[in-house]
Every structure is written in structure tokens, then in C-alpha cells.
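Subject: Structure handover

Hello,

My notes on what turned up in it follow below.

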Amino acid sequence: MTLTDFLPKDVNLSIAMALCAVAFVSGTARGFSGFGSALIFMPLASSIAAPRLVAALLLVIDFVAAAPLLPDAWRKADRKATAVIVLGALVGVPVGTYFLSVLEPVTTRWIISCFVAALLLLLLSGWRYRGKDHAWLSVGIGGLSGFCSGLAQTGGPPIVGYWLGRPIAPIVARANIVLFFGASDFFSLISYATTGLISRESLVLSLIVGPVYAIGVAFGASLFGRASEKVFRAICYALIAIAVIAGLPVLDGVLR
């Protein structure tokens, strides 16, 4: 038997290798800077394979990679404040998942490209929320992040921009972010499973792509401290922009 025998239908060896290459690049970005994996992975991967398949694939491999961080985050996080934002994700994730499950693949790709472009602009702006705490605002940001996660696993920037702007210790902010996404990913796993998005195909593909993604994360982490974070973040932003442009459906006849 060959590797091809284990691949999902509609995914040949060249597609699997292309997904591995994208996973390595996006994993490297996450390992070094802590962000950017979904913003790079989703536009490119959804232009290679079905958006529903690659969203489920990214959810599985990223959840496995982040799970070891949860016990430490639980101890250090402001669990009460995080719980309020998680309430928003509890609503936002199923809504985003619903749209992912019913929209046509090309429509989903356009939405993913537009979302990622908007989130890139948010990152480039350096936005941080420095206003007062309001429960309704926390729930709203959690809902927005949850919706983006449910639709395309791209819920990071709103949450990161919110927590890093709060007057709290960086270690607590990081723990809050990790804990939130642990809960959000759990909701996504349930939503994806109940709508059939977590399938045998996505699980089999995760066994192929997941190790490559993990190698990318480890490689990126090894670069931390050896290279200028400012330069590397600029490279990540450039990669996200390239991913958005290359993933546009309008370019299918040119690039693919």
C-alpha cells in the first residue's frame, strides 16, 4: 500500500504535499510569533482543497498542538473574565459553523479572503482596546472571534487585540488567550462533529499534515531569540497578504 491509498477522495498526492507545505509555513509563523497560522493557512489551503475539509483539518491539528498549554493557562488566567468572553464564543462558533456547512465553496473562499484581509489590517493597525471593561463588549468580542473561528478558524486577532490592550500582566493576558481558544476550539469540535465537518477524511488528512505542522511550529519556536521579532512579524504580515491574494477565486485560472 502507498500513501495515496490512505488519502481522502478528491485529495491526490500533489494536493496533500501542497497542504503540507502550507502547514509548515503557517506553523513556522505560529511557532515564532504566536499568531498568523490560520491567516496564512486558510486562504491558501482553501484554494487547494474544499474549505470545509481544510477548516476541519486546521482545527484538529491546532487543537492537538495547543492542548498541552491548557493546564498552565488554567492556573494563570483570570478565569472569571475569560468565562464572560467564552459566553460569546458559545454563540458565535455554531453560527460560523452553520455558514461554513451551507455556503458554496467559492462563496466561502471569498468570505475567508475578505475576513483575513480585514484581520490583517487590524494587525497592521496595532489596535489595542484600552477602554473600560463592559460585559456586553466582552461577550461581543468573544462572539465575533467565535464566528470567525467557526467559519474559518481565524478568530485570533480580535481576542489578541482585546486582551493585550487590557491593564493586566502579560502572563495573565497570554493565559487568558490560550484558555479562551481552548474553549473556542472545544466548541468548534462539537459544532464541526455535529454538522459532519469532522469526518474520516479530515482525520486521516490530519495524521499526514499534522506532523509537518508540528515541525513548523517547533522550527519557528527555535528561531525565537535568534532573529529580529520585528523583521519576522513583517515577514508574517507579508505572507498573510500573499496568502490572501493567491487564494482569491478570481485567480484560479491563472495560479491553479
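Start with Thr-97. Thr-97 is buried, at a relative accessible area of 1%. Buried here means under 20% relative accessible area, exposed means over 50%, and partly exposed is in between (1.4 Å probe, protein chains only). Thr-97 sits in helix α5. Leaving out residues up to four places away in sequence, Thr-97 touches Gly-150, Leu-151, Ser-191, Tyr-192, Thr-195 and Leu-197. A contact is heavy atoms within 4.5 Å.

Some ground rules. This is a predicted model, where local features need pLDDT of at least 70 and side-chain atom pairs count only at pLDDT 80 or more, while totals for chains, interfaces and linings use all residues. Residues are numbered from 1 along each chain as its sequence is written, and side-chain values use heavy atoms, with hydrogens and water left out.

Overall picture

The protein chain has 12 helices and zero strands. Both kinds of element are DSSP runs, numbered from the N terminus: helices are H or I with at least four residues, strands are E with at least two. Of the 256 residues in the protein chain, 48% are buried. Take the contacts between residues at least 6 apart in sequence: 82% of them join residues at least 24 apart. The accessible surface of the protein chain is about 12100 Å², and carbon and sulfur atoms hold 71% of that. Areas come from the Shrake-Rupley method with a 1.4 Å probe; for residues, only the protein chains shown count as cover.

Record versus model

The UniProt record, an unreviewed entry, annotates "transmembrane region" at residues 15-41, 53-70, 82-103, 110-129, 135-165, 177-198, 204-224 and 231-251. Positions are in the numbering used here, feature names are shortened, and annotations may be inferred rather than shown by experiment. I looked at two of these ranges. Residues 135-165 are 84% helix and 0% strand, with end C-alpha atoms 16 Å apart. Residues 177-198 are 82% helix and 0% strand, with end C-alpha atoms 24 Å apart.

Helices

Helix α3 covers residues 51-66, which is 16 residues. From first C-alpha to last, α3 reaches 22 Å, close to the 22 Å expected at 1.5 Å a residue. The expected span is 1.5 Å times one less than the number of residues. In α3, 12 of the 16 residues are buried, so this helix is largely enclosed by the rest of the structure. Among the buried ones are Pro-51, Leu-53, Asp-62 and Ala-66.

Helix α9 has 25 residues (170-194). At 1.5 Å a residue α9 should span 36 Å, and its end C-alpha atoms are 36 Å apart, which agrees. Gly-196 follows α9 and has a positive phi, near 85°.

Most residues other than glycine have a negative phi. Gln-153 is not a glycine, yet its phi is positive, about 60°. Gln-153 lies in the loop between α7 (135-152) and α8 (156-163). Its relative accessibility is 11%, so Gln-153 counts as buried.

Surface patch

Leu-87, Leu-90, Val-91, Val-95, Tyr-98, Phe-99, Val-102 and Val-139 make up a nonpolar surface patch. Their accessible area together is about 700 Å². Patch residues have over 30% relative accessible area and no salt bridge; like charges are joined within 9 Å, nonpolar side chains (Val, Leu, Ile, Met, Phe, Trp, Tyr) within 5 Å. Helix α5 (residues 79-102) supplies the largest share, seven residues. Tyr-98 is in that helix.

Salt bridges

How many salt bridges does a search of the whole structure find? Two. The criterion is a side-chain nitrogen of Lys or Arg within 4 Å of a carboxyl oxygen of Asp or Glu.

One pairs Arg-75 with Asp-72, at 3.3 Å from N to O. Both residues lie in helix α4 (residues 70-76), three residues apart, about one turn of the helix. Arg-75 is exposed, with a relative accessible area of 60%. Asp-72 is partly exposed, at 28%.

Asp-72 also bridges to Lys-76, with the closest N and O atoms 3.1 Å apart. Asp-72 and Lys-76 are four residues apart in α4, again about one turn. Lys-76 is partly exposed, at 36% relative accessibility. The shared partners join Asp-72, Arg-75 and Lys-76 into one network.

Best regards
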